[in-house]
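Trainee: Can we go through this model together? I'd like to begin with the core and then move to the rings.

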Amino acid sequence: MKITIPLSLLFLLFTTTTFSQTLADLKLKPKEIPKGYTLNDGNICITPQACTFYNDIETYSNLVGTLKSKSIQSFKNKTDRGSIMYFEFEHTFKGDRFLQGLLWGKEGQPTDERPEEYLAKGKFLIIWSFRPDSAIKEKSEDKIEAILQ
């Protein structure tokens with residue numbers, strides 16, 4: 001009996017820590033931003049579809065779920081620019097098919113003209129509106145995948 005109590009407590013601590021992330025935890029902190037990049041206000045989306053989704057997400061709530069909160073970070077350097085959009089939903093994100101169609105059209109995957117990528121994990125959705133070789137996109141992807149694994 002003594003073994004099950006500590007194991008139960010350990011499980012409770014693990015699950016509480018795993019599922020208690022916030023959008024602030026996912027965002028890049030100033031010290032994590034690669035050299036040469038500056039943080040900018042507003043959105044700098046590569047395509048209008050990504051910004052439309054961010055700005056009008058409530059319109060799509062019946063397709064993607066009820067939004068709890070959202071945030072955006074936009075970055076520029078001499079050769080790269082774009083935005084990272086963070087979304088937290090009340091329940092698990094359910095709009096994969098819809099988002100793929102909105103972002104990529106009939107291609108169903110990123111293209112040179114529509115390079116946005118996204119990650120949907122549980123209640124969180126992150127959209128990277130950058131070119132594929134973006135250093136800041138890679139930094140953000142690595143951080144988010146480590147947190148939401």
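**Cores, rings and a disulfide**

Mentor: The largest nonpolar core has 20 residues, and Phe-53, Phe-87, Phe-89, Leu-99, Leu-125 and Ile-127 touch the most other members. A nonpolar core here is a set of buried Ala, Val, Leu, Ile, Met, Phe, Trp, Tyr and Cys residues joined through side-chain atoms within 4.5 Å. Buried means under 20% relative accessible area, exposed over 50% and partly exposed in between, with a 1.4 Å probe and protein chains only. The model is predicted, so local features need pLDDT of at least 70 and side-chain atom pairs count only at pLDDT 80 or more, while totals for chains, interfaces and linings use all residues. Residues are numbered from 1 along each chain as its sequence is written, and side-chain values use heavy atoms, leaving out hydrogens and water.

Trainee: Which elements give two or more residues to this core?

Mentor: Those are α3, β3 (81-89), α5 and β5 (124-129). Helices (H or I, at least four residues) and strands (E, at least two) are DSSP runs, numbered from the N terminus.

Trainee: And what does Leu-125 touch?

Mentor: Leaving aside residues up to four places away in sequence, Leu-125 touches Phe-53, Met-85, Tyr-86, Phe-87, Phe-89, Phe-93, Leu-99, Tyr-118, Leu-119 and Ala-120. Contact means heavy atoms within 4.5 Å.

Trainee: On to the rings. How many aromatic pairs does the structure hold?

Mentor: Seven. Rings of Phe, Tyr and Trp (its six-membered ring) pair if their centres lie within 6.5 Å; planes under 30 degrees apart count as stacked, over 60 as edge-to-face and the rest as tilted. Tyr-60 and Phe-98 make a tilted pair, 5.0 Å centre to centre with 45 degrees between the planes.

Trainee: Which parts does that pair tie together?

Mentor: Tyr-60 is in the loop between α3 (48-55) and α4 (61-64) and Phe-98 is in helix α5 (residues 96-104), so the pair links parts 38 residues apart in sequence. Tyr-60 counts as buried at 15% relative accessibility, whereas Phe-98 is partly exposed at 24%. Phe-89 and Phe-93 also form a tilted pair, because their ring centres are 5.2 Å apart and their planes at 45 degrees. Both Phe-89 and Phe-93 are buried.

Trainee: Which residues form the aromatic cluster?

Mentor: One cluster takes in Phe-53, Tyr-54, Tyr-60, Phe-87, Phe-89, Phe-93 and Phe-98. Lys-70 lies over the face of Tyr-54, 4.3 Å from the ring centre. The criterion is NZ of Lys or CZ of Arg within 6 Å of the ring centre and within 35 degrees of the ring normal.

Trainee: Back to α5. Which of its residues are buried?

Mentor: Leu-99, Leu-102, Leu-103 and Trp-104. Seen down the axis, the buried residues of α5 fall within an arc of 165 degrees, so they line one face of the helix. That arc is taken from the directions from the helix axis to the C-beta atoms. Their cover includes α3, β4 (117-121) and β5. Just after α5, Gly-105 has a positive phi of about 65 degrees.

Trainee: Last one: which cysteines does the disulfide join?

Mentor: Cys-45 and Cys-51, with S to S at 2.0 Å; the cut-off for the sulfur pair is within 2.5 Å. The torsion about their S-S bond is about 100 degrees, so the disulfide is right-handed. Cys-45 and Cys-51 are both buried.
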